[in-house]
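Here are a few friendly notes to read beside the model. Please keep the 3D view open as you go.

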Amino acid sequence: DYHADMNVQETFWPVYANNHLELGHCLMEFLSDCLPAAKDFCKRFFGWEGAFFPTAFVPGMAFVPGWSTAQFWMGVPGWLAHHMWLQWQYERDERALADHIVPFLREVFKFYEGLLEEGEDGRLHVPLSTSPEMHDNRPEAWHRDTTCDLAIIRNLCGWLIETEAAAGAPALTARAETV
């Protein structure tokens with residue numbers, strides 16, 4: 001299975017740093033192939049637009065049973081989006097940008113738009129999430145505004161703005177600038 005709470009990341013990060021970008025194509029295409037199912041799950045489970053990826057899944061975006069705290073970590077979609085952005089950063093393939101990268105980043109951004117809630121302080125907050133494997137699989141693993149999620153969401157907004165500008169299609173840029 002694809003375990004996206006570190007295993008996928010640690011497997012693919014060297015692809016970019018070692019300039020073997022062709023090895024990243026399989027992940028980019030796999031994630032694009034899973035995008036329709038991730039969008040469908042997001043709509044059915046959360047009730048809003050966007051794409052949600054669980055921590056452990058197989059082709060077709062079928063969930064692999066495991067810890068609920070890890071499986072429903074809200075940071076997974078953003079971590080996977082990081083790979084899409086890295087592929088763009090290193091390769092600068094305009095076709096991949098239009099066909100895979102921008103569509104993926106847009107759907108992940110929409111997921112976070114639906115997830116974030118405005119607080120009394122006027123700021124956007126992640127209402128419930130966890131950091132990977134924190135407190136094992138116990139109820140105290142769940143928290144509001146986990147640092148990892150906030151960092152991922154903030155970076156995702158920048159990646160989306162950058163890639164939409166490069167593609168000449170700033171459909172969600174204005175919204176990302178406000179998050």
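1. Which residues line the largest pocket? They are Leu116, Arg123, Leu124, Leu150, Ile153, Arg154, Thr178 and Val179. A pocket here is an open set of points on a 1 Å grid over the protein atoms alone, where a 1.4 Å probe fits, with protein on both sides within 12 Å along at least five of seven lines; lining residues have an atom within 4 Å of a point.

2. A word on the source: this is a predicted model, where local features need pLDDT of at least 70 and side-chain atom pairs count only at pLDDT 80 or more, while totals for chains, interfaces and linings use all residues. Residues are numbered from 1 along each chain as its sequence is written, and side-chain values use heavy atoms, leaving out hydrogens and water.

3. Helix H6 (residues 147–167) gives the largest share of its lining, three residues. Helices are DSSP runs of H or I, at least four residues, numbered from the N terminus.

4. Now to helix packing. Helix H1 (residues 7–17) packs with H4 at an angle of about 10°, their axes 10 Å apart. H1 is therefore roughly parallel to H4 (angles under 35 degrees count as such). Axes are lines fitted to C-alpha atoms over the stretch in contact, and angles run from 0 to 180 degrees between N-to-C directions.

5. On the H1 side, Phe12 and Trp13 are among the residues that meet H4, whose partners include Trp79 and Leu86; contact means heavy atoms within 4.5 Å.

How values were computed: Helix = DSSP H or I, 4+ residues; strand = E, 2+ residues; numbered from the N terminus. Parallel < 35°, antiparallel > 145°, perpendicular 65-115°, else oblique.
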